[in-house]
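I opened a two-chain model today and wanted notes on its folds, its interface and a few local spots. Here is the file.

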Amino acid sequence: MTAEPMEKSKFEKTLDSGKFAVTCEIGPPKGAEDEEIKETAQHLKNVADGINVTDLQSSVMRLGSLTTCHLLKQMGLEPIFQVTCRDRNRLALQSDLISAYVLGIRNVLALTGDYTTIGDHPQAEPVFDLDSVQLLWAIKKLEEGYDLAGKELTRKPSFFKGAVVNPGADTEASYELQIIKMKKKIAQGAQFFQTQAIFDAEVFKKFMERIDEENIKVPVLAGIILLKSERMANYMNKFVPGVFVPEPIVKKMEGTEDKVSMCIEIASELIEAVKPYCAGVHIQALGWEKHIPAAIKSLK
Amino acid sequence: MILTEFKPLKEILEKLGEEKKIFIMGCGGCPEGADTGGKKVLSDFKEKLEKEGKTVTGILEIDFLCQKALIRSRIKPRSEEIKNSDSVLVFSCGLGVQATSSILDKICHPALNTTTFGGITGMWQGTERCDTCGNCILDQTGGICPYTACPKKLENGACAGQSNDKCETDLERDCGWVLIYNNLKRIGKLDRLEKFIPPRDYAKLLPTADLRKTRLWALDEEEIL
């Protein structure tokens, strides 16, 4: 086995430095093209410390996360490779992980993935050969130089490994299950967390106090969705698992014609409110990437 | 007939861990036909456990461990022995382990792996419960099977998709992991959820020809008039 210098990723160094980090997101297009990615990337270039690339988000068939991460890398950006367990078994997952390493991709976000029936191929076989905790465990094994079958690798990869958690779980049982799983993810090597989108700073604050009580020291980036309209808020409340937009925010959106300004106002207020409690924010702009600089103006 | 095979003794001892006093429950239904149950099997196993330094607090064989009403009536006279045990070791298919787990206030360890449904299914027929996967981990998950209770077959805890304790795939469906949480909370064993569970061995989902047969297999080969 060749010894590799384990250089930290740019994103890991950002978090290490104590700077309040901003990560953004690119959802690859449904088609054999890269123009849209390049355009979105231009908006994020001077804004993001890391760019998540979603892995067939919402179980919709699209251009792949690995390929898109590679394109971002070529553009000099810092991709975060999202890997879900829905579509690939343990052979394919391990193979894609070492492929990512060879392409210079150093940040990975391990996820379970949405169920297949919510997407555009509801007939597809849901794989879920590993769960997100086991995926982190698999990455750890690869980093130790072995695959899940215990076979030695000719060269071992090294990643900055992230996971997700939902601070807004709506019942006692689901909340406790989030905490238990967060601890399991850390035990299997998770080094940072990005949260499910939050709209209620108070809920997030309580969550951060709780993980502080649990003595969890891993950096957490608060999930922020740029809210475009009251229609989007109502849709998410109804259909997006784990996301809740409180009534006052929906009302604010309803009460204005200038949706863009209100979107920026809501996001900025939220970012200001969560800032003292976390290591950064993860902003999902969903097409409104050009408005991110305004939303994070107070951070500069 | 539901077919089962013995878990290796080493795996069972790992599952029992520090638990010293063990109550044995056996199913007199399918395991009798699969040679994984019956009085002799259970008393032989008692000896094996005692050799390993365990105390067997009692043995109870019930005709059908997948029949919850039957379990309730038969455990009544044995409740003291069960109460004084650290845990219960169950010789049955996954349905029997789930039925005993739903009634007793103890961790119920599967002593067997369920490999195929062979012929007809057992008696707990109300809902889908056992995946006959040959990897039984019911004692880690509060006696509720994560492979049938969770559409994503998650082994290490819930996803973030539930809303009001219902599943993201179907808002009428209970989140399997919430059920697991609630049952472990009921018996005061939430710490079970902290243990990492490695991925399941899918090779076991392809049982050998031998494991697919009951001792009655020859009847299928005969011309019966």
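The entries below follow the order in which I looked things up.

**Entry 1: ground rules.** I note that this is a predicted model, where local features need pLDDT of at least 70, side-chain atom pairs count only at pLDDT 80 or more, and totals for chains, interfaces and linings use all residues. Residues are numbered from 1 along each chain as its sequence is written, with chains lettered from A and ligands numbered from 1 in the order in which they are written.

**Entry 2: confidence.** I read ipTM 0.88 and pTM 0.90 for the model. Where pLDDT is low, predicted coordinates should not be read in detail.

**Entry 3: overall build.** I took helices (H or I, at least four residues) and strands (E, at least two) as DSSP runs, numbered from the N terminus. Chain A has 11 helices and 8 strands; chain B has 9 helices and 8 strands. I then checked the radius of gyration, taken over C-alpha atoms, against the globule rule of 2.2 Å times the number of residues to the power 0.38. For the 300 residues of chain A a compact globule would come near 19 Å, and the chain has 19 Å, which agrees. For the 225 residues of chain B the rule gives near 17 Å, and 17 Å is what the chain has. Along the principal axes, the C-alpha boxes are roughly 60 × 45 × 45 Å for chain A and roughly 55 × 45 × 35 Å for chain B.

**Entry 4: burial and contacts.** I call a residue buried if 20 or more other C-beta atoms lie within 10 Å of its own, exposed if 12 or fewer, and partly exposed in between, with C-beta atoms placed from the backbone. By that count 47% of chain A is buried, and 45% of chain B. Two residues are in contact if their C-beta atoms, placed from the backbone, lie within 7 Å. Of the contacts with a separation of 6 or more, residues 24 or more positions apart account for 79% in chain A and 67% in chain B.

**Entry 5: the interface.** I find 32 residues of chain A in contact with 26 residues of chain B. Helix 5 (132–144) and helix 6 (172–187) of chain A each supply at least two residues to the chain A side. Helix 6 gives the most, with 9 residues.

**Entry 6: helix 4 of chain A.** Which residues of helix 4 of chain A are buried? I list L93(A), Q94(A), L97(A), A100(A) and Y101(A). Just after the helix, G104(A) takes a positive phi of about 85°.

**Entry 7: L211(B).** I place L211(B) in the loop between helix 8 (176–186) and helix 9 of chain B. It counts as partly exposed, because it has 17 C-beta neighbours inside 10 Å. Leaving aside neighbours within four places in sequence, L211(B) is in contact with L3(B), E5(B), T115(B) and T116(B).
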